[in-house]
Every structure is written in structure tokens, then in C-alpha cells.
Amino acid sequence: MDPHERRPRAGLGWGRLLTVLTMALVAVVGYYGIRGSSPALPRLRPVRITPQQEIAIGLQAAPAMAQRYGGLSTDRQARQRVDRVCHDLVEKTEARRSPYDFDCHVLADAQTADAFALPGGQVFVTAGLMEKVPSDAGLAGVLGHEIAHVLDRHGTERIAQTRIAPGLTGAAVLAAYDPADPASRRKAAVATLIGRLIDLRFSPAEEAAADRLGSRLAAEAGYDPQGAAQAMRLLATASYERGARGEEGVPPQKAAF
Ligand SMILES: [Zn+2]
């Protein structure tokens, strides 16, 4: 199914309509609550997305991410290297105090040189990028940058702002998402979120922030900061090229607003 399809289907029942209307009402109440122009209405807090919800949505999106880049690599040496550097970056730094569950994977795609992060801690680096980054310091730069995107919740904030349907934002879908039973509710909306997640692009400001925090993590974990910085420049070129190619999926300016 095309995840961006918005035409009503035969299965659209009253329950679904009620949910959408409720979301619209919440949006209106939230708007006036924030503006403070209607003192009779309670002031609503922004929806709360828990780290458990971020972890669960990231885990659910991980297979789709792997599939897009040739699946997970079977190269044992590469996997062990990524595991070791990833472990250092998480256990020897401030990242260990975070609520996230980090797991770094190697993607089999040798043609693409790129790396990605999903909310909650699923991190990916392609075989093609690993080939271009022979030093562990360089790999620490790449993984540190991706771990930083997770810690700063860049992906979570992006999809929270995504409009899934009229009156229904990614934030509302995520806030209602039950990590214990991820497939139980709003299956179509969750599938849309996952499609957006694996196509995420970050702003230049977010990339710069990930470079700064990533460098700090690499240095804190004992890796040469210069080697790390060099690899991050490679990564910046990769994501610039990815953006320029447009690739399949939704370009960032349409995915988020
Ligand atoms: Zn980045």
C-alpha cells in the first residue's frame, strides 16, 4: 500500500472518524490553550512521547531501513568492529546516562556510503561507508554523529511534526503508541510514520549539532578527534548527495512542516 495515500477506503468506519474528529478537537483546544485567548479551556501540555515509545517505533522501522540498503551485512569482522566502537561510544561517554537502547548495525550495501539513525537508538552504517573509513577514529566519528541525532531527538521531533492525516500529527500517533503492543492501534498511521522515518533528512542546524555532540562523544570514548571530524565531513557529503538525488520516497520539505 502506498503509505501516503489519503483517499478514504471502504474500511473507514465510525470509530476511525471519531478518532480523527477527537484529534481535530484536541488540536483546536490545544491551540486556544496555548494562545490563552479562552481562559475557560484548560491549558494543555504538548503531547508527551516517552523514550520507550521512541525505542519501540525505531525497532519497528529497523527492518525496513535494513531492507532498503541490501539487508544486514553478514561480514563478521565488520559487524564486530562496529559493535566494539559503538559500545565504546555508548558506555564510556555521557550517552550511557540516556534512556535509549543503542544498537549499531552494518548494512550490506557496498555501493552507498552513508549512515542513518532511528529514534530510540537503532544506528546503521553501510558497508560502502565502512570501506571509506578504515580507521576506528573515523568510524567513531560516523557512529558518534548518528548517536548524537538520537540523543538530541532530531528524528523524533521531525516525525512528531509530520502531518499524517487532517488533524492527526505524528506526535499524536507516537503519543498513543503502545510499545507493549505496537501493532494494535492505528496500524496505517504507524506504517506512514515508519515510511517517513526511513526517508528522514535533517536540517543543516541539526547536522551541525550532531557533528558537535558526535565529536565530543568520540573524544570522550578515547578516539582521535581529528580522524572523527574527517569522517564526519564524508558523511556530510553523503547526505548532501542523498538530498540532491531526491531518491525514492518523500523529500524532506514534504515529509515535515
Ligand atoms: Zn546527520
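Are α2 and α8 roughly parallel or roughly perpendicular to each other? Please go on from there to the sheet and the zinc ion.

A: First, the ground rules: this is a predicted model, where local features need pLDDT of at least 70, side-chain atom pairs count only at pLDDT 80 or more, and totals for chains, interfaces and linings use all residues. Residues are numbered from 1 along each chain as its sequence is written, and side-chain values use heavy atoms, with hydrogens and water left out.

On to your pair: α2 and α8 are roughly perpendicular to each other. Angles under 35 degrees count as roughly parallel, over 145 as roughly antiparallel, 65 to 115 as roughly perpendicular and the rest as oblique. The axes of α2 (residues 51–68) and α8 (residues 187–197) cross at roughly 65° and come within 9 Å. Those axes are lines fitted to C-alpha atoms, for helices over the stretch in contact, with angles running from 0 to 180 degrees between N-to-C directions. Helices (H or I, at least four residues) and strands (E, at least two) are DSSP runs, numbered from the N terminus.

The crossing of α2 and α8 is right-handed; that term applies if the near helix is turned clockwise from the far one by less than a right angle, and left-handed if anticlockwise. On the α2 side you'll find I57, Q60, A61 and A64, which meet V190, L193, I194 and L197 of α8 (contact means heavy atoms within 4.5 Å). Sorted by class, that contact has seven nonpolar residues, one polar and no charged ones. Here Ala, Val, Leu, Ile, Met, Phe, Trp, Tyr, Cys and Pro count as nonpolar, Asp, Glu, Lys and Arg as charged, and the others, Gly among them, as polar.

Now the sheet. α2 also lies across β1, β2 and β3, at about 15° to β3. The three strands form an open sheet in the order β1-β3-β2, with mixed pairing. Each edge strand, β1 (103–107) or β2 (115–117), has a single partner strand, so one side of each is left without a neighbour in the sheet. β1 pairs with β3 (residues 122–126) in the parallel sense over five bridges, where pairing takes at least two bridges found by DSSP. C104 has V123 in β3 as its bridge partner. Helix α5 (residues 136–151) packs on the sheet too, touching β1, β2 and β3.

The zinc ion has H145 (NE2), H149 (NE2) and E207 (OE) as protein donors, 2.0 to 2.1 Å away. Donors are N, O and S atoms within 2.8 Å of the metal (3.2 Å for Na, K and Ca), and water is not among the atoms, so sites may look incomplete. The donor spacing in sequence is H-x3-H-x57-E. H145 sits in α5 and E207 in α9 (residues 204–220), 62 residues apart.

Those two helices pack as well: the axes of α5 and α9 come within 7 Å and cross at roughly 120°, and α5 and α9 are therefore oblique to each other. Their contact includes the donors H145 and H149 of α5 and E207 of α9. By class, its residues divide into eight nonpolar, four polar and three charged.

Finally, α5 meets α3 (residues 76–91), with axes that come within 9 Å and cross at roughly 60°, in a right-handed crossing.
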